[in-house]
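Subject: Structure handover

Hello,

Here is the structure you will be taking over. Please open it first, then read the notes below.

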Amino acid sequence: MEHQFDAIVIGAGLAGLRAAIEIGEDSSVAVISKVFATRSHSGAAQGGIGAALANEEDDNWEWHMFDTVKGSDYLGDQDAIETMAKDAPRTIYELEHLGVPFNRTSEGKIAQRAFGGHTSNFGKAPVKRACFAADRTGRVILDTLWEQCLQRDIKFFDEFHVLSLIIEDGRCCGVIAYELATGKLHTFNSKAVLLATGGAGKIFKTTSNAFASTGDGMALAYRAGAPLEDMEFVQFHPTGIYKLGILISEAARGEGGILRNSDGERFMERYAPVIKDLAPRDMVSRCILEEVRAGKGIDGKDYVHLDMTHLGEEVINTKLAEITGFARTYAGVDATREPIPVQPTCHYMMGGVASDVDGRVVLDAEGTPFEGLYAAGECACVSVHGANRLGCNSLLDTLVFGRRSGIEIRRFVQTADTPKASPDYAKKEAARISDLMSRDGKEKTGSIMARMQEVMMDKASVFRLETGLTEALEQIRELQESYRNISLQDKGNCFNRDLLDALELGHMLDLAEVIAMGALYREESRGAHCREDFPDRNDEKFLAHTLVRHTDDVPQIFEKPVTITRFQPKERKY
Ligand SMILES: Cc1cc2nc3c(=O)[nH]c(=O)nc-3n(C[C@H](O)[C@H](O)[C@H](O)COP(=O)(O)OP(=O)(O)OC[C@H]3O[C@@H](n4cnc5c(N)ncnc54)[C@H](O)[C@@H]3O)c2cc1C
């Protein structure tokens with residue numbers, strides 16, 4: 001089947017929906033999502049969205065900008081960070097006017113809570129900057145934006161899985177998508193395509209991410225010739241529920257929760273004397289694992305305790321209800337009376353499709369745009385998070401840059417001509433699917449996936465070494481070979497999860513290779529990338545973005561300078 005729109009948005013998380021609202025003002029737009037729109041991972045965001053509203057304490061956007069630059073370990077582009085920090089208050093008031101039910105202060109203003117790495121006065125003390133709706137912040141924003149889209153008659157194609165981008169003469173002019181319910185292929189012709197496909201946490205064994213976070217958009221862009229930027233920077237959130245990785249939001253510590261080792265000691269006091277448990281995530285995750293290495297994990301195991309027992313039932317039940325529910329259901333722990341067992345869990349991709357502040361995907365270090373192709377949200381690298389993202393800055397990123405991409409796409413489609421894809425694209429995809437279905441190889445998707453997740457967790461997670469990364473890269477390449485020999489059990493056309501798992505695994509193997517390559521290349525420690533064989537940050541050699549481009553041979557690595565405007569790199573102390 002064929003469809004025609006001015007613009008196609010792939011992804012119905014916050015980035016995709018915010019962009020669609022903008023584009024829908026005067027252009028035709030369709031949102032394609034492989035899961036039902038409101039099941040997008042944005043709906044799982046718990047803790048908050050950052051903006052210097054100064055509703056609870058003195059605050060301003062320059063402090064927010066400084067914290068984000070410092071949090072990024074000076075790898076974030078400062079012009080982009082400035083854009084985001086300045087636009088944050090407007091973004092929150094816009095959400096308020098659209099109907100997002102934020103928590104309130106006693107005076108009726110939007111309430112704010114503390115979050116890791118957010119400080120007042122350039123690092124002097126923690127500041128309350130995260131706006132929130134209990135611990136369901138992502139849920140309420142996603143539902144509100146979705147309702148806004150419905151009111152505006154924006155067309156949704158839910159449970160459609162995008163298989164590939166249509167590229168004619170270097171211009172992106174549509175996508176081919178697979179309808180889950182019927183197995184039919186659809187060709188979407190458009191003047192512009194926005195990738196808003198979210199993260200890729202599923203590459204690692206322990207993750208807070210949803211099953212759908214398999215990095216499809218990043219892999220589609222990569223295969224189409226767009227470089228991926230800073231993929232070696234993978235965030236591990238310090239507080240995933242032990243063994244499961246399900247997230248206990250940083251809001252728990254923002255409200256006063258404390259991490260303790262087997263001695264009951266508040267160990268973060270030793271590592272970050274000023275902001276303690278509210279140090280940025282890369283640091284806290286490393287500190288937890290240092291405690292475990294020093295034999296101070298609980299019961300000698302690889303986890304510590306998150307203690308909220310002193311917060312009182314009122315705070316826990318009203319502001320942290322969701323996560324206490326998770327602790328009860330998944331860890332069997334009553335957080336009002338006992339500590340929650342936690343360990344670092346793969347949470348967020350700082351890297352992604354290289355793109356500029358207006359969502360344009362760029363092809364090279366000079367910023368040459370990939371005509372017709374845009375990216376926003378977690379799948380994009382703008383880069384506002386650099387080597388480490390601060391909590392509550394991602395929801396903000398999705399909305400600020402989702403909107404800006406929408407504005408840019410609207411402008412572009414006004415004058416762009418309407419391309420028409422040749423039928424060959426759909427035929428090629430149909431052949432690819434039928435080839436996958438008819439293979440009788442010995443390998444199974446599930447076992448390759450498990451091996452990939454295991455090797456990435458063991459050798460490319462919080463601590464990294466040249467030897468381990470080299471092994472990881474070799475093993476990922478072997479798994480890419482094995483992948484050629486997979487066979488599917490389900491040959492049907494109705495909700496064929498077996499087929500989709502195989503397609504997603506192909507994407508994740510591509511990205512795992514890029515992550516391992518970037519991590520090997522970057523012989524320094526910066527933000528979330530900790531090379532134990534190169535423990536120091538090396539600004540002389542590595543104050544640059546890593547870009548990786550797909551080629552027919554091995555992927556090609558090149559660099560792009562970091563934009564520094566106001567804050568010169570300094571040692572990062574908290
Ligand atoms: C548990 C959890 C809690 C979090 N809490 C916070 C928080 O408190 N504050 C904060 O700032 N950040 C938080 N984050 C991070 C933040 O939620 C995400 O980075 C952000 O929501 C990503 O939004 P997105 O719009 O980029 O993508 P997502 O919301 O992940 O949406 C991706 C969309 O792409 C679609 N898609 C993907 N591939 C395809 C394909 N092949 N075909 C069709 N559709 C496709 C999916 O169906 C989905 O609609 C949290 C993340 C997690 C996992």
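Start with a charge over a ring. The charged end of Arg 113 sits over the ring of Phe 132, 3.8 Å from the ring centre. Such a contact counts if NZ of Lys or CZ of Arg is within 6 Å of the ring centre and within 35 degrees of the ring normal. Lys 155 lies over the face of Phe 157, with 5.0 Å to the ring centre.

Some ground rules. This is a predicted model, where local features need pLDDT of at least 70 and side-chain atom pairs count only at pLDDT 80 or more, while totals for chains, interfaces and linings use all residues. Residues are numbered from 1 along each chain as its sequence is written, and side-chain values use heavy atoms, with hydrogens and water left out.

**Aromatic pairs**

The structure holds 14 aromatic pairs. Rings of Phe, Tyr and Trp (its six-membered ring) pair if their centres lie within 6.5 Å; planes under 30 degrees apart are stacked, over 60 edge-to-face, and the rest tilted.

One of the pairs is Phe 5 with Phe 157. This pair is edge-to-face, at 6.1 Å centre to centre and 80° between the planes. Phe 5 lies in strand E1 (residues 2-10) and Phe 157 in strand E6 (residues 155-158), so the pair ties together parts 152 residues apart in sequence. Helices (H or I, at least four residues) and strands (E, at least two) are DSSP runs, numbered from the N terminus.

Phe 157 also pairs with Phe 188: the ring centres are 4.8 Å apart and the planes stand at 80°, so this pair is edge-to-face. Phe 188 is in strand E9 (residues 185-195), and the two residues are 31 apart.

Phe 157 is buried at 8%, and Phe 188 at 0%. (Buried means under 20% relative accessible area, exposed over 50%, partly exposed in between, with a 1.4 Å probe and protein chains only.) Ring pairs link Phe 5, Phe 157, Phe 160 and Phe 188 into a cluster.

**Cysteines**

How many disulfides does the whole structure have? The search finds zero. A disulfide needs two cysteine sulfur atoms within 2.5 Å. Cys 530 is in no disulfide either; the nearest cysteine sulfur, in Cys 287, is 11 Å away. Cys 172 is buried, with a relative accessible area of 0%. Cys 530 is buried too, at 11%.

**Cavities**

There are two cavities of 30 Å³ or more. On a 1 Å grid over the protein atoms alone, a cavity is a set of points where a 1.4 Å probe fits but cannot get out; lining residues have an atom within 4 Å of a point. Points are joined across faces, edges and corners, and a volume is the space filled by probe spheres set on them.

The largest cavity holds about 50 Å³. Helix H8 (281-293) and strand E11 (234-241) each give two or more residues to its lining. H8 gives the most, with four.

The second largest cavity has a volume of about 40 Å³. Its lining includes Tyr 348, Met 350, Cys 381, His 385 and Asp 397.

Best wishes

Terms used
1 Å grid on protein atoms, 1.4 Å probe; cavity = no way out; pocket = protein on both sides within 12 Å on 5 of 7 lines; lining within 4 Å.
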